[in-house]
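Colleague: I have a model open and would like to learn how to read it. Can we go feature by feature?

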Amino acid sequence: MVQEISGWGRVIRVAAEERVSEDLALITRDAVLTRGLGRSYGDASLPPASGLVVANSRLANRLLAFDASTGELTVEAGVSLHDINRVFLPRGWASPVSPGTQFVTVGGMVAADVHGKNHHREGSFGRHVRWLRLRLASGQIAECTPDEEAGLFWATVGGMGLTGHILEVRFAMERIPSPWIWQEVRQIASLETMLTQLREEGVRWPFTVAWVDLLARGSLFGRSVLICGRWADVSEARHPFRPVTRRRRVPVDVPEFVLNPALMRLYNAGHHRTCRGSRGVVHPETFFYPLDTLADWNRMYGKRGFIQYQCVIPASQPVSKVLEFFDLVRSLPLPVYLCVFKDFGAPGDGLISFPAPGFTVAMDLPNRPPHTQVAVDRLNEFVLSVGGRVYLAKDAHTRPEHFRAMEPRLAAFNEARRRWDPEGRLRSALSVRLMGDRP
Ligand SMILES: Cc1cc2nc3c(=O)[nH]c(=O)nc-3n(C[C@H](O)[C@H](O)[C@H](O)COP(=O)(O)OP(=O)(O)OC[C@H]3O[C@@H](n4cnc5c(N)ncnc54)[C@H](O)[C@@H]3O)c2cc1C
């Protein structure tokens, strides 16, 4: 059945035949792309044109094997992080990397080589993947590991679904002392102090993140909240441990005038006040996935949706360059409602993995054409000038010339793709927009 599908930002919509089945190997046979839970914001999980078939992995969600002596878990690609957390957190195991939502599939985590609040310590998800089973464009089933068919493996990690349909994944889970998180929160008055402290605290803490208020006026612009955490010890853990199951839902597309800068400024001020400084044990879902408590929260942005712009500013740049970036943000024709800052460690090993040592900033902006394109262009010009790059899992507006200029690894990636898919069968709206694939 042909239906309209979109990424999480709901900016790009495509009419496509989306096939869903427990038998992922079957439905990927004539699909141009596989998608998971559609949590990438832009057009990465969308087929390029109407009439093409896309496979959806969400029903291929069996846990296949777990080896408690090595911590290696083998799953079908459609298993979600939510499923894994439910089963494994109470038993003392966690995913080594958690993005900001647990409603992602393991296939999507491999394809985007996702990062979490512990990137400075643990790198991105691909570092923990041990084995992949794929359907290639030729229809063949292939297996690869970091050592065998390593070319296919590292092109697939972070390869945005363009090298093959991921059917099964084996990765190493992390042993944890308890499922709870010990968290410390502190307010920070200025951007400059936030940048210094984020880096310093990364030496002590496995998880760090900063929330930044980019709507506050005058000298309050850039006030931040620094959140640090670690898995709580057994002695600190609370009992019993239960998943947070109560979730409210946004039932309709909220009219655009509701979510406006004045309202968000008030919200940010309130949020900043409540984060005055605290320490203690919190539920892992509160710590890792604060937005998940409100289902369909993307509808808050109204019918035209929103974009998330995420880039990395390399560690080689001085702090003054990061501050310059925020001066640019201040002058954009669109408000930034939400901004999150993280410290990146070692680069991702995937051929076009996003992470690179430096600061990464993710910002939510309402979609207001033609301002959206203007804003992304200006941000990209800056990112290019400092040698950074954008995160494809969030992108919908980057121009191909900007992408090519910020991605010297593209030629190697294209070569790998041609090797496994000489006819260019596998493609997405994103690969047509940025990599010159046929529609
Ligand atoms: C609230 C929120 C917070 C987030 N926080 C973070 C964060 O902190 N860090 C981070 O890295 N990301 C973050 N993300 C982005 C998200 O983790 C990635 O976009 C992830 O890829 C989404 O997984 P999915 O299953 O929804 O995949 P989809 O969005 O459906 O697809 C994403 C990409 O993966 C490919 N893909 C999916 N499944 C397969 C498969 N089986 N075989 C081959 N290719 C496949 C698709 O083709 C597409 O290119 C966040 C997203 C949201 C909505």
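Colleague: From which domains does the shell around the ligand draw at least three residues each?

Modeller: Domain bounds come from an automatic or database domain assignment. Here the shell draws at least three residues from each of domain 1 (2-56) and domain 2 (63-176). A caution before we go on. This is a predicted model: local features need pLDDT of at least 70, side-chain atom pairs count only at pLDDT 80 or more, and totals for chains, interfaces and linings use all residues. Residues are numbered from 1 along each chain as its sequence is written.

Colleague: How many residues surround the ligand, and which are the closest?

Modeller: A residue is near a molecule or strand if its C-beta atom, placed from the backbone, lies within 6 Å of it. The ligand is surrounded by 32 residues. The closest are Gly36, Gly100, Gly107, Gly108 and Gly161. Strand S3 (33-35), helix H3 (106-111) and strand S10 (165-172) each give two or more residues to this shell. Helices (H or I, at least four residues) and strands (E, at least two) are DSSP runs, numbered from the N terminus.

Colleague: How does the shell divide into nonpolar, polar and charged residues?

Modeller: Ala, Val, Leu, Ile, Met, Phe, Trp, Tyr, Cys and Pro count as nonpolar; Asp, Glu, Lys and Arg as charged; the others, Gly among them, as polar. The shell has 14 nonpolar, 16 polar and two charged residues.

Colleague: Which residues touch the most other members of the largest nonpolar core?

Modeller: A nonpolar core is a set of buried Ala, Val, Leu, Ile, Met, Phe, Trp, Tyr and Cys residues joined through C-beta atoms within 7 Å. A residue is buried if 20 or more other C-beta atoms, placed from the backbone, lie within 10 Å of its own. The largest core has 113 residues; Val110, Val169, Met194, Ala210 and Leu365 touch the most other members. Strand S18 (residues 306-314) gives the most to this core, with six residues.

Colleague: What fraction of the protein is buried?

Modeller: Buried residues make up 49% of the 439 residues.

Colleague: Why does the radius of gyration agree with a compact globule?

Modeller: The radius is taken over C-alpha atoms, and the globule rule is 2.2 Å times the number of residues to the power 0.38. With 439 residues, a compact globule would come near 22 Å; the protein has 21 Å, so the two agree. Its C-alpha atoms fill a box of roughly 60 × 55 × 45 Å along the principal axes.

Definitions and conventions
A residue is buried if 20 or more other C-beta atoms lie within 10 Å of its own, exposed if 12 or fewer, and partly exposed in between; C-beta atoms are placed from the backbone.
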